[in-house]
Amino acid sequence: MKSWKLAIAGVAISLVISSASYAAKTDLVLGIVLEPPHLDPTAGAAAAIDEIVYANIFEGLTRIGAKGDVLPALAESWTQSDDGKVYTFKLHKDVKFHDGTSFDADDVKFSLDRARGDKSTNAQKGLFAAIDTVDIVDPLTVRVTLKRRSGDFLYNMAWGDAVIVAPESAGTNKEKPVGTGPFKFDSWAKGSQIVIEKNADYWGKPALLDKATFRVIPDPAAATAALLAGDVQAFPVFPSYETIPQFQADPRFKVVIGTTEGETVLGMNNKKPPFDNPKVRQAIAHAIDRKSLIDGAMFGFGTPIGSFFPPHHPAYIDLTAETAYDPELAKKLMAEAGHPDGFKTTLKLPPPTYARRGGEIIAAELREIGIEAEIIPVEWAQWLDQVFKNKDYDMTIVSHTEPNDLNIFSRDDYYFNYDSPAFKDLIKQIDATSDGVERTGLYQQAQKLLAKDVPAAFLFQLPKTGIWDAKIDGLWENGPIQANDLTAVKWLD
């Protein structure tokens, strides 16, 4: 009798364990390198914000898909006028924000007017510069009239900076983000992790995960240990490049090396002597051995670039020869610029591996042409404040992961302090052109101009080194936008 009861109890315990194990497969723990400064994508430049909230918590009129294409989001459809200046968006119905408030045309008008307004804190305010008026046709229809034709308008509306927010919650989105997406914010343990949970009332196709935890692990060795121990099941952008072969040889994991929009550059303050002299900037570019940099800092992962343009783009041209490694030419240019004995400067490095390791290599190479660069490590918040916002720097290393962002070199207030009327004119022409062939030609002209002026030394395209449990399906291979889109992620049986 006792044996029978024990057997039944054993089966019951087994069923409970199996059920618990199965239930756990609807949760996912992802590793991220950088903790975001806050969680409002409409009020900050940090890519770490979008890595958590894009497509998961917040949605825009349109969105970027896994292949870099523009897809419908809160707008189910749209029409464009014959002159290309008027877009009429038809919105999805029965959409609610996570706090229960209804989404309609008023929220679209509020968001777009807020983003382009005089008091806007949007880090990408230029995305909205072409907008003239935003008019409500009816509760589910919005008409956006542009000042001029803009070939990138629908793409621009798909950025994280262009997501739709509600007036009721816009002011508190930094700490408690409220969107319309398939996940909603759960909790944030500062310095440790951010948790999002499935939105049971989502208007569209529901998420397949019940919960996702983004765990902050900036140290490469700790990232490796966490993956091997199973404490983290996925690292969409794995920071320990030297241990990737170890995971490639382990059948428990899937290793996916993709591409990103991340042009990694040695940024220089173009208005600060001696970097206001193009010959100094050219000398610095010729002093850098891109292959040694990629091998030393990235363990061979990364594609050399000679301008600010991703190699996977159809309009890309290889301009690396324009600033090929040539220390003797670099010394000659330094002498012509009036610095035959070099000079002292500073190099502010944010936390990512490519910056900290790459900075050491570049500083050693610059020393060979007489430039003594003092390395100053800064945390991400410091970099955003000192370098990006206040332009208080000489040189820095950073990867720009925003999509289609060639136009940042045309902005008067951008941290490079690069000012080229010719380049600004090219960007205006690109923006006003929808013809594919013509746009390609203009893109290539812009690439050549940047390669010549060297407002920054163009280093390499950041790879997307993804490692995750082999039973996980749906994570992006490439990074067409800085996002960890979990909308279709699931565990395989």
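Author: Let's start with strands. Two strands pair if DSSP finds at least two bridges between them. Helices (H or I, at least four residues) and strands (E, at least two) are themselves DSSP runs, numbered from the N terminus. This is a predicted model, where local features need pLDDT of at least 70 and side-chain atom pairs pLDDT 80 or more, while totals for chains, interfaces and linings use all residues. Residues are numbered from 1 along each chain as its sequence is written, and side-chain values use heavy atoms, with hydrogens and water left out.

Reader: What makes E4 and E5 a pair?

Author: Strand E4 (residues 75-80) and E5 share 5 bridges in the antiparallel sense, so they meet the requirement of at least two. Gln80 stands opposite Tyr87 in E5, and the bridge partner of Ala75 is Leu91. Between the two strands the hairpin has 5 residues, and Gly84 takes a positive phi near 75° there.

Reader: Which strands are called edge strands?

Author: The open sheet runs E4-E5-E7-E6, with antiparallel pairing. Its edge strands are E4 and E6 (131-138), as each pairs on one side only. E5 also pairs with E7 (residues 141-146), again over 5 bridges, and Thr88 stands opposite Arg143 in E7.

Reader: What makes Leu366 count as buried?

Author: Buried means under 20% relative accessible area, exposed means over 50%, and partly exposed is in between (1.4 Å probe, protein chains only). Leu366 has 0%, so it's buried by that rule. Leu366 is found in helix H10 (residues 353-367). Contact means heavy atoms within 4.5 Å, and Leu366 touches Ile284, Ala287, Ile371 and Met395, leaving aside residues up to four places away in sequence.

Reader: How do you know that Asp152 forms a salt bridge with Arg439?

Author: The rule asks for a side-chain nitrogen of Lys or Arg within 4 Å of a carboxyl oxygen of Asp or Glu. Here the closest N and O atoms are 2.6 Å apart, so the pair qualifies. Asp152 lies in the loop between E7 and H4 and Arg439 in helix H13 (residues 436-453), so the pair ties together parts that are 287 residues apart in sequence. Asp152 has a relative accessible area of 11%, so it's buried, and Arg439 is buried too, at 10%.

Reader: Why is Lys452 called exposed?

Author: Lys452 is at 57% relative accessibility, so it counts as exposed. Its salt-bridge partner is Asp453, at 3.8 Å from N to O, and Asp453 is buried at 15%. Elsewhere, salt bridges that share partners join Lys109, Asp113 and Arg116 into one network. The count comes to 19 salt bridges.

Reader: What is the nearest side chain of opposite charge to Asp161?

Author: Lys and Arg count as positive and Asp and Glu as negative, with His and the chain ends not counted. For Asp161, the nearest of opposite charge is Arg411, 8.1 Å away, and Asp161 has no salt bridge. Asp161 is buried, lies in the loop between helix H4 (153-156) and strand E8 (183-189), and touches residues including Pro41, Asn122 and Phe128.
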